[in-house]
Amino acid sequence: MTEEKYPINIWVNEERYEKLKDAGLAHMCEEMLAGMKVIRVYANAAQRDKILKVFPTAKFDSATTKSIELLPRQVKDQIFDKVVEKKSVDILEEFLSAY
Amino acid sequence: MAEIGHGGKEIVERILDPKEAPAKVRGLKQVPVRSQIANEVIGIAYGFFCPLTGFMGLEDLDSVVKKMRLKDGTIWSIPILFDMSDQELSDYGIKAGDTICLTYHGNPMAIFEIFEIYSYDKQAICQSIFGTADSKHPGCARTYAYKDKFLGGNITLVTTPKINPPFDPYFIPPLEMRKRFREKGWQRIVAHQTRNVPHTGHEWLMKGAWLQAYGELPIEKPLVGVLVNAIIGEKRKGDYIDEAIILTQDELRKSGYFGDHNHMTSLTFWDMRYAGPKEAVFHAALRTNLGLTHHMYGRDHAGVGTYYGPYDAHHLLASVKDELNITPVYSMNWLYCPHCGEITSEGLCNHKSEWQKFSGTVIRSIVQDGVKPPRLIFRPEVFDLVMECAEKYGFGSPFVTDEYLAKRTPVFTIPPLAGL
């Protein structure tokens, strides 16, 4: 059985988009909700639980989207920067190891 | 003409004539109350909680816990309780039969005629009302935080609250609300319960419920309205600030997504219990008293976490529908379908693999990330107003922060009682 994954939606504002373009990573954006750009970093169940514990403002939207939302802006920025640095969305293990 | 509210009981405002109030209050013991109790005093005195005339006594509480009814048999699902500790009772020298003056913000607010003082098993309350005794459930946590004695008795307001801007136009008590509905000529009014800034999913919930409520009525002139009834109570960090909620809900009307002919925004003071199905029944009573004929219920109404099934509220409402004077309108989720290029209902669209669902939480995340959502998802007027509220009321943030909690202007204040 495939392990269930829970996305963290990093919504791409102009500032983030510029960084992606500069790094040649604009293609990583998915289009969501009538034209918004998003990068999706996926957590497994254990990572999801750790995120919710470490960042108490975060919320798992269990009812509608099954995504991890409301992470503080600076945490999202750090995750985003890690994606740009590693040129990959598979960075959560490394990101969470600092916590 | 008598205004008949929940349970077929007449709605009577329990508010003293300002000329009589000082004499009635003079000499009474003054007991300060916290915001939850002040909210409930307003709910009782203005008839939002009809047929309650005060805080519950033992028989009513026991009946609500065991049968979801008041002792007279009227359906009632949430205990309305006034708590004090033994120490406080002793310090104030309060006993059954006393009349005391409740104060808020240091000023007399209401007279409380205490009929009885009793205790009750809080865990039994939790198990019955919330379906769990888990202290992590916010309603249970609130119940366990009650002090050990409950005081039952009647409430009469002696000072009417001053509703502070920008909330003042939205406090419309039941008798006034019913008058306004008559002036508008609305024959059916459907309630939209909210604690949120509206995205287009919410907008379409309202539009869908409006269509459902319209039914067979003639369409030559507007006969059906949506009443947004925002719950204003205790805030948690990360929630939208109250000012943003109430003003953006009304913005949907002002910006033409609705109009005066079919939309109104109002508020009720209430600290959410997150009791899911039981809170849904409470909302039915509350909105009946406000004069509504229909009530929208979506998925997991007033729920929290995973304590309730998505349609438990619908099932409980169905079990008592013959005793409610309001018709539930059940709403399916609205979502964005890129294939349709529009917001659509999961009951209509069949491009299931393409659906993009969104929620209030997701929209909050988008706003927090500094992104302006497209107009199909979040109306630009609403977005701009959220940002304006952040600057004007939220100390730079549209979400509740420690600074907001410490410095915000209260939604209402109790002014000094003239002549005391």
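In the predicted model, strand E4 (residues 99-104) of chain B is joined by six bridges to strand E5 (residues 107-118) of chain B, and the two strands run antiparallel. Within this pairing, Leu102(B) has Ala110(B) as its bridge partner in E5(B). E4(B) and E5(B) form a hairpin in which two residues lie between the strands, and His105(B), located in the turn, adopts a positive phi of about 55°. E4(B) is also joined to strand E1 (residues 29-32) of chain B, in this case by four bridges and in a parallel arrangement. Here Val31(B) is paired with Leu102(B) of E4(B), a residue that is also the bridge partner of Ala110(B) in E5(B). Strand E4(B) is mostly covered, five of its six residues being buried.

Helix H2 (residues 35-45) of chain B is likewise mostly covered, with ten of its eleven residues buried. In the loop between H2 and strand E2 (54-55) of chain B lies Pro51(B), and the peptide bond leading from Cys50(B) to Pro51(B) is cis, with omega near 15°. A further cis peptide bond joins Pro165(B) and Pro166(B), with omega about 5°; Pro166(B) is placed in the loop between strand E7 (162-163) and helix H7 (174-184) of chain B.

The domain assignment of chain B gives domain 1, which covers residues 6-160, and domain 2, which covers residues 176-412. The contact between them takes 37 residues from domain 1 of chain B and 33 residues from domain 2 of chain B. The C-alpha centres of these two domains of chain B lie 28 Å apart, and the domains bury about 2800 Å² between them, 61% of it on carbon and sulfur atoms. Three salt bridges are found across the interface of domain 1 and domain 2 of chain B. A salt bridge is also formed between Glu323(B) and Arg69(B), whose closest N and O atoms are 2.6 Å apart.

In helix H11 (residues 312-319) of chain B, the residues Ala313(B), His314(B) and Leu317(B) are buried. These three residues lie on the same side of H11(B), because they cover an arc of only 100° around the axis. The face of H11(B) turned away from this buried side carries His315(B) and Ser319(B), both of which are exposed. The partners against which the buried residues of H11(B) pack are helix H10 (277-289), strand E11 (294-297) and strand E12 (327-330) of chain B.

Phe395(B) is partly exposed, with a relative accessible area of 37%.

Between chain B and chain A, the contact takes 20 residues from chain B and 24 residues from chain A. The area buried between the two chains is about 1900 Å², of which carbon and sulfur atoms give 60%. Thr361(B), Gln368(B) and Asp369(B) supply 30% of the area that chain B buries against chain A, more than any other three residues. Two salt bridges are found across the interface of chain B and chain A. One of the residues named above, Asp369(B), forms a salt bridge with Arg16(A), the closest N and O atoms of this pair being 3.0 Å apart.

Key:
Residues numbered from 1 in each chain as written. Chains lettered and ligands numbered in written order. Predicted model: local features only at pLDDT ≥ 70, side-chain atom pairs only at ≥ 80, totals over all residues. Heavy atoms only, no water. Buried < 20%, exposed > 50% of the residue type's maximum accessible area, 1.4 Å probe, protein only. Pairing = 2+ DSSP bridges. Arc of directions from axis to C-beta. Contact = heavy atoms within 4.5 Å. Domains from an automatic or database assignment. Buried area = accessible area lost by both parts, 1.4 Å probe. Salt bridge = Lys/Arg side-chain N within 4 Å of Asp/Glu carboxyl O.
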